[in-house]
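Colleague: I am new to this structure and would like to be walked through it with questions and answers.

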Amino acid sequence: MSDKKFRATPAARKYAKEHGIDLSQVKGTGAKGRVHLDDVIEFKLHGRIKISPLALKIAEVEGLNVQVITGTGPKGKIMKEDVLSLLHGEDKKEEKAVASKPEAKPVEKEENPDYEVVKISPVKKVVGKRMRESVDISPTYMVSVSVDMTNLLAFRKQTMDMVVDRVGQKPSVTDYISLATVKTLQKHPYVNSSVSEDGQNILLHKHVSLAIAVGTDEGLYVPVIKNADEMSFTELVVESKRVIKATLEKKLKPAEMQGSTFTISNLGMYGVDNFTSIINQPNTAILSVSATIQKPVVINGEIVIRPMMNVSLNADHRVIDGLEGAKFMQTLKNNLENPVGLLI
């Protein structure tokens, strides 16, 4: 369907065209359902309309377009009352107010000698909104462990050429960490879960779809490796490279950022030795990976220098209690320090 049939700002149309997004699938938040740039970016990042099952059923039966319905539920979720209101021809007072409100005139900015004003990018606005929502939704805690990377780095050196010969891609340390994480999640299903939208049930996912946080000039994206648990290591390497490349080249499709069950954020390449991340909803946990640094450690009563890496888990206490979080990190640490077992 042509996007010309929909009310949208020029910026929204331009962004949608550049990223191959059908505006008919985007719900506008402006007056009379007009689509703004933030709406298109929100769709690209998350790509779904929040609507209750009953509201969706009524809309389907009555042949209503849910794209034009304004939700009054939590975080703009479309509820049964919203669908019935549209069906009965009742205009919401809020919609009338928005529709009649004149557009604000741009305010001329004065130069300030003490600082430079930089406008927040639309992507960062959306990501910021989502992170704020995550903090509000999830009661979180953090578990951290220090991992001896001696064996994993040696294992990477031993297997790298074999992977390159087979698929033409050089595996990164993150690829090996991803493999260890996937194997660990299979043993700890509550860490690979989400909470139902009504907050009444825990959804234990049967597959691991791993999201990898990728920073760009526009903002943070989280491409997803779907069903990573069914992949061989070489397949995992190839798919990881593909989605990260697509992200950096701005070719990532909205569907490729949906459906994650767990997220990894790695800042090790920037020399960060410890940090924590905000949970990527609707996941219930996220892993923060820091730099591998040569440090003195005590082994068998002697001080030796080993490559050590800090990893931390931020978890949603509604689903993952402290004991389960600790057990997950214990298993992950064992997998990273004994990587040969990952291929068995």
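This is a predicted model: local features need pLDDT of at least 70, side-chain atom pairs count only at pLDDT 80 or more; totals for chains, interfaces and linings use all residues.

Modeller: Residues are numbered from 1 along each chain as its sequence is written, and side-chain values use heavy atoms, with hydrogens and water left out.

Colleague: How many helices and strands does the chain have?

Modeller: Helices (H or I, at least four residues) and strands (E, at least two) are taken as DSSP runs and numbered from the N terminus. Counted in this way, the chain has 10 helices and 10 strands.

Colleague: What percentage of the residues of the chain count as buried?

Modeller: A residue is called buried under 20% relative accessible area, exposed over 50%, and partly exposed in between, with a 1.4 Å probe and protein chains only. Accessible areas come from the Shrake-Rupley method with a 1.4 Å probe, and for residues only the protein chains shown count as cover. The chain exposes about 19,700 Å², of which carbon and sulfur atoms supply 54%. Of its 344 residues, the share that counts as buried is 44%.

Colleague: What share of the contacts with a separation of 6 or more comes from residues 24 or more positions apart?

Modeller: Contact here means heavy atoms within 4.5 Å. Among the contacts in the chain with a separation of 6 or more, residues 24 or more positions apart account for 62%.

Colleague: Which side chain makes a polar contact with the side chain of Asp-229?

Modeller: Asp-229 is found in the loop between strand 7 (224–225) and helix 9 (233–248), and apart from neighbours within four places in sequence it is in contact with Val-182, Gln-186, Lys-206, His-207 and Val-208. Asp-229 is buried yet has no salt bridge, the nearest side chain of opposite charge being Lys-183, 9.1 Å away; in this count Lys and Arg are positive and Asp and Glu negative, whereas His and the chain ends are not counted. A polar contact is a pair of N or O atoms within 3.5 Å, where within protein one must be able to donate a hydrogen and the other to accept it, and residues adjacent in sequence count only if both atoms are side-chain atoms. At 3.1 Å, the side chain that makes such a contact with Asp-229 is that of His-207.

Colleague: Which side chain of opposite charge is nearest to Glu-324?

Modeller: Glu-324 lies in helix 10 (residues 322–337) and, not counting residues up to four places away in sequence, touches His-188 and Val-191. The side chain of Glu-324 makes a polar contact of 2.9 Å with the side chain of His-188. Glu-324 is buried without a salt bridge, and the nearest side chain of opposite charge, 5.3 Å away, is Lys-327.

Colleague: Which residue forms a salt bridge with Glu-256?

Modeller: A salt bridge is a side-chain nitrogen of Lys or Arg within 4 Å of a carboxyl oxygen of Asp or Glu, and the structure holds eight salt bridges. Glu-256 counts as buried at 17% relative accessibility, whereas Arg-242 counts as partly exposed at 38%. With the closest N and O atoms 2.9 Å apart, the partner of Glu-256 is Arg-242.

Colleague: How many residues apart in sequence are the parts that the pair of Glu-256 and Arg-242 ties together?

Modeller: The salt bridge in question is the one between Glu-256 and Arg-242. Glu-256 lies in the loop between helix 9 and strand 8 (262–266) and Arg-242 in helix 9, so the parts tied together by the pair are separated in sequence by 14 residues.

Colleague: Is Asp-316, which meets Arg-318 in a salt bridge, buried or exposed?

Modeller: The side chains of Arg-318 and Asp-316 meet at 2.6 Å, N to O. Arg-318 is partly exposed, with a relative accessible area of 39%, while Asp-316, with a relative accessible area of 0%, is buried.

Colleague: Where does Ile-244 lie, and which residues does it touch?

Modeller: Ile-244 is found in helix 9 and is partly exposed, with a relative accessible area of 25%. Its C-alpha atom is separated by 9.2 Å from that of Val-224, 20 residues apart along the chain. Not counting residues up to four places away in sequence, Ile-244 touches Ile-212 and Val-214.
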